[in-house]
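Please read them with the structure open.

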Amino acid sequence: MRVRSSADGGKTWRAATVKHSGSAWQASVHNPASDAVALRSEVTDAAVDRSVETVYRAYAIG
């Protein structure tokens, strides 16, 4: 599991810290001073099947 965030509409991406506990995953994302944050997650299973999901303007700051 990898999570990245972007504060510039997806031009650049910053890795988030991801923790796994039991069946739950938690990502810590750096928030910009203002504007919106885009989120991208990437998961790969044991058979090397991969899924990438991107949500632009996932949430806004300020």
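1. In which sense do strand E3 and E4 pair, and over how many bridges? The pairing is antiparallel and runs over five bridges, with E3 spanning residues 17–21. Bear in mind throughout that this is a predicted model.

2. Within this pairing, His20 has Trp25 in E4 as its bridge partner. The hairpin of E3 and E4 has two residues between the strands. Gly22 takes a positive phi there, near 65°.

3. Trp25 also belongs to a nonpolar surface patch, together with Met1 and Val43. The area of this patch is about 270 Å². Val43 comes from strand E5, which covers residues 35–44. The relative accessible area of Val43 is 34%, so Val43 is classed as partly exposed.

4. The loop between strand E4 (24–28) and E5 holds His30. Is His30 buried, partly exposed or exposed? Its relative accessibility is 48%, so His30 counts as partly exposed; the exposed class begins over 50%.

5. What does His30 touch, once its neighbours within four places in sequence are set aside? The residues in contact with His30 are then Ser5 and Arg14. With Arg14 there is a polar contact between the two side chains, at 3.3 Å.

6. Val48 is not a glycine, yet has a positive phi of about 65°. Val48 sits in the loop between E5 and strand E6 (50–61). With a relative accessibility of 63%, Val48 counts as exposed, because exposed means over 50%.

7. Arg57 is the other one: it has a positive phi of about 55° and is not a glycine either. Where does Arg57 lie? Its place is in strand E6, whereas Val48 is in a loop. Arg57 has a relative accessibility of 61% and therefore counts as exposed.

- the hairpin of E3 and E4, with Gly22;
- the patch of Met1, Trp25 and Val43;
- the side-chain polar contact of His30 with Arg14;
- the positive phi of Val48;
- the positive phi of Arg57.

Notes: Residues are numbered from 1 along each chain as its sequence is written. This is a predicted model: local features need pLDDT of at least 70, side-chain atom pairs count only at pLDDT 80 or more; totals for chains, interfaces and linings use all residues. Side-chain values use heavy atoms; hydrogens and water are left out. Patches are made of residues with over 30% relative accessible area and no salt bridge: like charges are joined within 9 Å, nonpolar side chains (Val, Leu, Ile, Met, Phe, Trp, Tyr) within 5 Å. Accessible areas come from the Shrake-Rupley method with a 1.4 Å probe; for residues, only the protein chains shown count as cover. A salt bridge is a side-chain nitrogen of Lys or Arg within 4 Å of a carboxyl oxygen of Asp or Glu. Helices (H or I, at least four residues) and strands (E, at least two) are DSSP runs, numbered from the N terminus. Buried means under 20% relative accessible area, exposed over 50%, partly exposed in between (1.4 Å probe, protein chains only). Contact means heavy atoms within 4.5 Å. A polar contact is a pair of N or O atoms within 3.5 Å; within protein, one must be able to donate a hydrogen and the other to accept it, and residues adjacent in sequence count only if both atoms are side-chain atoms. Two strands pair if DSSP finds at least two bridges between them.
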